[in-house]
Amino acid sequence: MNFEEQLERLIEGSFARLFRGPLQPREVAIKLLRAIEDNALPGPGGREAAPTQYQIHLHPVDKVDLLARTPDLNRQLSGQVVGYCLETGLNLLSTPEILLIADPSTPPHSLHIVARHVIHEHETTQIMEPINMPPAPPKNAHLVIDGKRTVPLTGTLFNIGRHPNNDLVLSDLYISRHHAQIRLQQGQYVIYDRESRSGIFVNGQRTTEHPLTPGDTIRIGGVNLVYNEQERAADITDTQIDLVPPEYPEGLPS
């Protein structure tokens with residue numbers, strides 16, 4: 001996955017949720033990914049190593065606002081760095097450290113990032129060893145769509161909706177353009193509602209976030225999906241599905 005593809009995934013996914021408000025997700029994502037790429041250094045085994053510390057300078061008001069809305073922002077951004085390194089093959093010599101710095105010299109609604117290679121004293125004995133990466137993704141995870149088609153889940157983000165830029169495009173008028181997202185988190189796929197109007201239902205219950213286990217049934221608009229693992233997913237080349245929508249209350253999702 002190239003830089004632009006990874007950037008778009010971040011903007012459409014986690015960053016859009018983490019940075020609602022004055023700070024623009026695109027600006028944050030670009031600066032974080034550039035800080036990783038521009039400051040990578042040769043590491044063990046010939047693989048480039050990503051920086052281990054990221055000092056994010058923010059206007060003090062922006063820092064207070066971000067932490068009020070997302071108290072664990074440091075941890076979530078650290079996870080984004082780990083995910084990017086997994087996608088691109090960059091090495092990590094310690095857990096990424098995110099420091100949010102209140103900086104009055106930084107204009108409101110903007111930020112700049114200083115990336116450094118820092119190994120703390122308690123980590124010096126492990127300096128030549130990469131950190132433990134998150135658990136491997138489920139083996140051969142896939143979705144079965146209306147009992148007819150099988151779509152493999154690969155990568156760390158999988159977007160579902162009507163818009164053509166989704167990984168799974170569903171032509172149901174009761175499905176939002178960007179309806180749901182499946183994310184790989186600590187070796188497990190988790191489905192999220194992306195603020196759709198008709199919602200998502202897992203095993204008959206409406207939810208905004210649900211860790212998926214084999215056999216879970218997911219309803220999105222008029223489409224039924226079943227999540228499974230292990231069994232061999234059929235190869236498909238077309239994920240465009242045309243459906244006649246069922247009866248719904250008045251009003252269509254956006």
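A polar contact is a pair of N or O atoms within 3.5 Å; within protein, one must be able to donate a hydrogen and the other to accept it, and residues adjacent in sequence count only if both atoms are side-chain atoms. The model is predicted: local features need pLDDT of at least 70, side-chain atom pairs count only at pLDDT 80 or more, and totals for chains, interfaces and linings use all residues. Residues are numbered from 1 along each chain as its sequence is written, and side-chain values use heavy atoms, with hydrogens and water left out.

**Overview**

- The protein chain has five helices and 17 strands. Helices (H or I, at least four residues) and strands (E, at least two) are DSSP runs, numbered from the N terminus.
- Of its 254 residues, 46% count as buried. Buried means under 20% relative accessible area, exposed over 50%, and partly exposed in between (1.4 Å probe, protein chains only).
- Take the contacts between residues at least 6 apart in sequence: 60% of them join residues at least 24 apart. Contact means heavy atoms within 4.5 Å.

**Ser 198**

- Ser 198 sits in the loop between strand 11 (188-193) and strand 12 (200-202).
- Its relative accessible area is 18%, so Ser 198 is buried.

- Three strands make an open sheet in the order 4-3-5, with mixed pairing. Strand 4 (97-102) and strand 5 (111-116) are at the edges; each has a single partner strand, so one side of each lacks a neighbour in the sheet.
- From one strand to the next, the twist averages 20°. Axes are lines fitted to C-alpha atoms, for helices over the stretch in contact, and angles run from 0 to 180 degrees between N-to-C directions.
- Strand 3 (residues 53-58) pairs with strand 4 in the parallel sense, over six bridges. Two strands pair if DSSP finds at least two bridges between them.
- Within this region, Tyr 54 stands opposite Ile 98 in strand 4.
- Helix 4 (residues 60-69) lies across strand 3 and strand 4, at about 130° to strand 4. Helix 5 (residues 73-88) also packs on the sheet and touches strand 3 and strand 4; its direction makes about 135° with that of strand 4.

**Gln 55 in strand 3**

- Gln 55 belongs to strand 3. With a relative accessible area of 15%, Gln 55 is buried.
- Its side chain makes a polar contact of 3.0 Å with the side chain of Gln 53.
- Beyond neighbours within four places in sequence, Gln 55 is in contact with Leu 99, Ile 101, His 112, Ile 113, Val 114 and Arg 116.

**Nonpolar cores**

- The largest nonpolar core has 25 residues, of which Ile 36, Tyr 54 and Ile 56 touch the most other members. A nonpolar core is a set of buried Ala, Val, Leu, Ile, Met, Phe, Trp, Tyr and Cys residues joined through side-chain atoms within 4.5 Å.
- Helix 3 (25-38), strand 3, helix 5, strand 4 and strand 5 each supply at least two residues of this core. Helix 5 gives the most, with six residues.
- Ile 56, leaving aside neighbours within four places in sequence, has contacts that include Leu 77, Ile 98 and Leu 111.
- A second, separate core of 22 residues includes Leu 143, Ile 145, Val 151 and Leu 153.

**Strand 11 and its partners**

- Five of the six residues in strand 11 are buried, so the strand is mostly covered.
- Strand 10 (residues 180-185) pairs with strand 11 in the antiparallel sense over six bridges. Gln 185 stands opposite Gln 188 in strand 11.
- Strand 14 (residues 209-211) runs antiparallel to strand 11 and is joined to strand 11 by three bridges. Tyr 192 stands opposite Glu 209 in strand 14.

**The aromatic pair**

- The count comes to one aromatic pair. Rings of Phe, Tyr and Trp (its six-membered ring) pair if their centres lie within 6.5 Å; planes under 30 degrees apart count as stacked, over 60 as edge-to-face and the rest as tilted.
- The rings of Tyr 189 and Tyr 227 have centres 6.5 Å apart and planes at 65°, so the pair is edge-to-face.
- The pair links distant parts of the chain: Tyr 189 is in strand 11 and Tyr 227 in strand 16 (residues 223-228), 38 residues apart.
- Tyr 189 is buried, at a relative accessible area of 2%. Tyr 227 counts as buried at 0%.
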